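Here is my note on the model you asked about. Please read the points with the structure open beside them.

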Amino acid sequence: PYILEDGGSILFSPPGRGKSQTALVWAVCIDAGINSLWQVKQCRVLFVNLERSAISLKRRLANVNILLGLPANRPLLIMNARGKSLSSITPSIFRSIRECEVKLLILDSISRAGYGDLTESTPVNSIIDTLSSLCQTWVALGHSPRATDEHLFGSVMFDAGADIIIQLRSQVTENKLGIGYEIIKANDLPPIPQ
């Protein structure tokens with residue numbers, strides 16, 4: 001319910017709260033057609049990793065696969081580009097999407113887009129336009145500002161450009177991470193409880 005077909009979703013929280021793990025779970029569920037957590041429409045997914053090392057993401061993916069009852073080495077189409085920006089790898093993403101018939105693009109994260117100051121409207125509009133031109137259905141991970149975790153860091157144009165905005169809330173108890181999702185903006189969706 002957090003990803004609108006032919007729309008853009010943004011998942012945000014402070015750093016280190018579980019956004020990347022959530023995005024990987026979503027990606028594998030959709031790519032493999034696993035409906036045990038959410039009802040999904042199976043399609044090819046491309047996960048663009050601008051934040052972690054390839055080794056870290058491989059380890060995380062293996063853990064997610066095992067959690068979902070899949071072989072640890074089940075592949076997911078991933079573009080590892082740590083140290084690069086979305087703006088610098090857009091042509092490569094475009095080629096991968098077309099050649100592999102990708103229907104869902106997941107970007108980790110907006111903070112590495114490379115278009116300029118995220119508090120300005122023009123760079124934010126460029127990010128939204130780039131994601132929308134690459135793939136009709138996309139999810140981007142964002143961060144909240146230091147002062148509050150109640151909204152996405154950056155220009156209000158993120159709110160205007162995304163179809164769904166999800167606030168991730170998390171809590172650690174007894175070495176377990178509990179995750180909650182609250183949809184704070186939704187176009188074309190009925191109300192969904194946390």
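1. **Basis.** This is a predicted model, in which local features need pLDDT of at least 70, side-chain atom pairs count only at pLDDT 80 or more, and totals for chains, interfaces and linings use all residues. Residues are numbered from 1 along each chain as its sequence is written, and side-chain values use heavy atoms, with hydrogens and water left out.

2. **The sheet.** Start with the strand order. The model has an open sheet of 7 strands, ordered β3-β2-β4-β5-β1-β6-β7. The pairing is mixed. At the edges sit β3 (77-80) and β7 (176-186), and each of these pairs on one side only. On average, neighbouring strands are turned by 20 degrees against each other, direction ignored. Axes here are lines fitted to C-alpha atoms, and angles run from 0 to 180 degrees between N-to-C directions. Strands (E, at least two residues) and helices (H or I, at least four) are DSSP runs, numbered from the N terminus. Two strands pair if DSSP finds at least two bridges between them.

3. **Strand β1.** Is β1 buried or exposed? 6 of the 6 residues of β1 are buried, so the strand is largely enclosed by the rest of the structure. Buried means under 20% relative accessible area, exposed means over 50%, and partly exposed lies in between (1.4 Å probe, protein chains only). G8, I10 and F12 point one way, while S9, L11 and S13 point the other way. In a regular strand the side chains alternate between the two faces of the sheet. β1 runs parallel to β5, with 6 bridges joining them. There, S13 has H143 of β5 as its bridge partner. β1 also pairs with β6 in the parallel sense, over 4 bridges. In that pairing I10 stands opposite I165.

4. **Strand β2.** The picture here is one of cover on both faces. 5 of the 5 residues of β2 are buried, so the rest of the structure largely encloses this strand. V45, F47 and N49 lie on one side, with L46 and V48 on the other. β2 pairs with β4 in the parallel sense over 5 bridges, and V45 stands opposite L104 in β4. With β3, β2 forms 4 bridges, again in the parallel sense. N49 has N80 of β3 as its bridge partner.

5. **L107.** Look next at β4 (residues 104-108), where L107 lies. L107 is buried, with a relative accessible area of 1%. Which residues does L107 touch? Leaving out residues up to four places away in sequence, they are V48, L50, L86, L131, V139, A140 and L141. Contact means heavy atoms within 4.5 Å.

6. **The β6-β7 side.** β6 (residues 164-173) and β7 run antiparallel and are joined by 10 bridges. S170 has I179 of β7 as its bridge partner. I179 also belongs to a nonpolar surface patch of about 260 Å², together with V172 and L177. L177 lies in β7 and is partly exposed, with a relative accessible area of 43%. Patches use residues with over 30% relative accessible area and no salt bridge: nonpolar side chains (Val, Leu, Ile, Met, Phe, Trp, Tyr) are joined within 5 Å, like charges within 9 Å.

7. **Salt bridges.** How many are there? The count is 6, where a salt bridge is a side-chain nitrogen of Lys or Arg within 4 Å of a carboxyl oxygen of Asp or Glu. E5 pairs with K41, their closest N and O atoms being 3.0 Å apart. E5 lies before β1 (8-13) and K41 in the loop between α1 (19-32) and β2 (45-49), so the pair ties together parts 36 residues apart in sequence. K41 is exposed, at 58% relative accessibility.

8. R74 forms a salt bridge with D31, at 2.8 Å between the closest N and O atoms. R74 lies in the loop between α2 (54-67) and β3, and D31 in α1, so the pair links parts 43 residues apart in sequence. R74 is buried at 18% relative accessible area, and D31 is buried at 10%. E150 and R169 meet in a salt bridge of 3.5 Å, N to O. E150 is partly exposed at 42%, and R169 is partly exposed at 30%. Salt bridges that share partners also join E51, R52 and D108 into one network.

Definitions and conventions
Areas by Shrake-Rupley, 256 points an atom, 1.4 Å probe, with all protein chains shown as cover.
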